[in-house]
Amino acid sequence: MGFGLLFATALGSLGSNKLRASLTLLGIVIGVSSVIAMMAVGRGAQVSVTARISELGTELITVRPGAQALRFAFFGGGGSSDVLSFSDALALEDDVFAPDVRFVAPENSFSGTATVGRENTFLNGVGITAEYLEARNLEIALGRNISNADVLNSSLVVVLGSETSESLFGQRDPVGAIMKIQGREFTVIGVLESQQGTIFNPDNSLLVPITTTHYRLNNGGGPIESMPVSSINVLARDEKAVDDARTEISTVLRLRHKLGPDDEDDFSITTQQDTIETLEGTQGTFVILLGSIAGISLLVGGIGVMNIMLVSVTERTREIGIRRAVGAKRRDILLQFVTEAVLMTFAGGVLGVAAGWAIAYFGDGATIAGDVIETVIETNIAFLALGVSVAVGLFFGIYPAIRAASLDPIEALRHE
Amino acid sequence: MTISTPADDSMPPVIELTNVTREFQVGSQVVRALDGISLTIQHGEMVAITGPSGSGKSTLMNTIGCLDTPTSGSFFLNGNDVSGLSDDQLAEIRSRQLGFVFQSYNLLPRETALANVELPLKYSGGFGGRRRRETARRALDRVGLGHRYDHKPVQLSGGEQQRVGIARALVTNTDLILADEPTGNLDTKSSSEVMKMLQSLNDEDGKTIVIVTHDPEIAGATKRIVTFRDGRIIEDRPSDRILQRGQTGSQKLEIE
């Protein structure tokens, strides 16, 4: 039997029980569309994360104390060992030992209660130097940045993130206002431009001079050189100099920390590229996880196809007998039933891709639980899903088809 | 449709069974449905196979129809040994060298009369859609259903359905038609119509026709009656219709 005839025969059989065929097909549609939609959401997250990190500038290198694995360094912040000091940071600005370093911006993170009037808010803040804003691609929207004089004097001044400003002061211009952090009075000197992102978002933060964090908020002592820092932002001269800069940073810090050739680094250096790779890796796992969960529904759809095909073979035993009696070979019967199964899953695949695409398209930019969902539809995923749906038809259709083909024609003709 | 060709000696017999047995395993017992059958049917014959239920006539029909293979013995169809053929080769023969007519018509209920008649051509291959439909129309015309092409089986009477079944058996232009109780589900009027159709195919088109039947009247409408009992042929004689015409003498086999 030729392909055209086979196709027409299969279509006719499916058409004779439209409701059943549609319901079976629906299982595949749901499976395929959820795979497409999930993958689009996952890839969207991946792409937007990468884009945000790249916005920070690819010349940025972050040095943290402790020899943690990159992942923990990224999510958990610095360790408890105070091995990076303010003078370590300054030592990296050295034209001889570190010619590829443009400038450094050490920081000291803290958290504490901010009070405006009677309202207390628990906030995360960063102690910074004047270079921090440039290192992190941040802009001042109102007022001014923290100056080097502020750092030297451990001034009680604060720059607010845009959302912090809004939650503490509403629509009022906060510049010049007085607020309390950990019970000490600070003067608001500026507000940051909103960044509209979820990664490294400074909108919810507040910035104070790095020395203020140490001496005023953490009640630290000692000379400024030995002041610990929680991380050092280093800007390489340009993108191509990042690798050289990393080597130079490592050399300088190992010398300063008097590490022997066999000692491991007591600090970790992360470039933006490292961060992107790590995040893409994690996000990749996330995408695969989403896809697999959606894939399970495709599997369930496939089992539905197999179930219906088995029922169909039993119901049509006599038809199989008739076809065999008038000259159909086993192969003809096998192909007829496989074609029916594949036709169903392929149609389900096409509709599923369309539905998944629509979900991803209209879901792009939607807000769910405060997070903006971004979706990226990839054509190859759509084709892959189509291919998989055909494979599902083949896989789950072949067993019922073999059952049909192996029926004894005499028995099949006697079947009522 | 071919014009009647009288059987001549140079043509091999349509059916030549020699010492054919067919055994079935039923539980631990071996049942011998056919017990050393030898039977030869020439071109242009119209033969009735009769006998009580379980006498082996259906098994014989399945064997001749290439749906079943003998346990031992040889079976030549149109001079070709069929006993050792593969499943695919048997399917090939079914689609080209013989046509079945069933008691319960066995039409595909969803398909039109025309599509039902086309079915064997779809499997025998070599026919484009247009030629296939044209051939199927001619077969339906031959059985007097030229006005019923697009009717589904439920829209046809029993007699009409059986004539669609006959058209399906005819459509591949085979020489041999095997009919298993073709009138078993029909009233007297329809039965006689169907039998007249089969007789005319035998007389006018020279088709070789083998009919399995319980009904002595149906058997009497053929030219030769072969009677089965317990897997053996107990009688093989010309029918009264032939005897009255005085064409052939009686040959009666007596089994002790």
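How many helices and strands does chain B have?

1. Chain B has eight helices and ten strands. Helices (H or I, at least four residues) and strands (E, at least two) are DSSP runs, numbered from the N terminus. The model is a predicted one, in which local features need pLDDT of at least 70 and side-chain atom pairs count only at pLDDT 80 or more, while totals for chains, interfaces and linings use all residues. Residues are numbered from 1 along each chain as its sequence is written, and chains are lettered from A and ligands numbered from 1 in the order in which they are written.

2. On overall form, a compact globule of 256 residues would have a radius of gyration near 18 Å, and chain B agrees because its own value is 18 Å. This radius is taken over C-alpha atoms, and the globule rule is 2.2 Å times the number of residues to the power 0.38. Along the principal axes, the C-alpha atoms of chain B fill a box of roughly 55 × 45 × 40 Å.

3. Of the 256 residues in chain B, 47% are buried. A residue is buried if 20 or more other C-beta atoms lie within 10 Å of its own, exposed if 12 or fewer, and partly exposed in between, with C-beta atoms placed from the backbone. Two residues are in contact if their C-beta atoms, placed from the backbone, lie within 7 Å. Among contacts in chain B between residues at least 6 apart in sequence, 65% join residues at least 24 apart.

4. One open sheet of chain B has four strands in the order β2-β1-β4-β5, with antiparallel pairing. Two strands pair if DSSP finds at least two bridges between them. The edge strands of this sheet are β2 (29–41) and β5 (80–81) of chain B, and each pairs on one side only. Two bridges join strand β4 (residues 72–77) of chain B to β5(B) in the antiparallel sense; B:Phe76 has B:Asp81 in β5(B) as its bridge partner.

5. Another open sheet of chain B has six strands in the order β6-β7-β8-β3-β9-β10, and its pairing is mixed. Its edge strands, each pairing on one side only, are β6 (98–101) and β10 (232–238) of chain B. From one strand to the next, the twist averages 15°; axes are lines fitted to C-alpha atoms, for helices over the stretch in contact, and angles run from 0 to 180 degrees between N-to-C directions. Strand β7 (residues 176–180) and strand β8 (residues 208–212) of chain B pair in the parallel sense over five bridges, and B:Leu176 stands opposite B:Thr208 in β8(B). Helix α5 (residues 158–170) of chain B lies across β6 and β7 of chain B and runs at about 170° to β6(B).

6. In chain A, strand β1 (residues 60–65) is largely enclosed by the rest of the structure, because six of its six residues are buried. A:Leu60, A:Thr62 and A:Arg64 point one way from β1(A), whereas A:Ile61, A:Val63 and A:Pro65 point the other way. Strand β9 (residues 231–236) of chain A pairs with β1(A) in the antiparallel sense over four bridges, with A:Val63 opposite A:Ile232. Strand β10 (residues 267–271) of chain A also runs antiparallel to β1(A), joined by five bridges; here A:Thr62 has A:Thr270 as its bridge partner.

7. The contact between the chains takes 17 residues from chain A and 18 residues from chain B. On the side of chain B that touches chain A, α2 (87–96) and α3 (113–124) of chain B each supply at least two residues.
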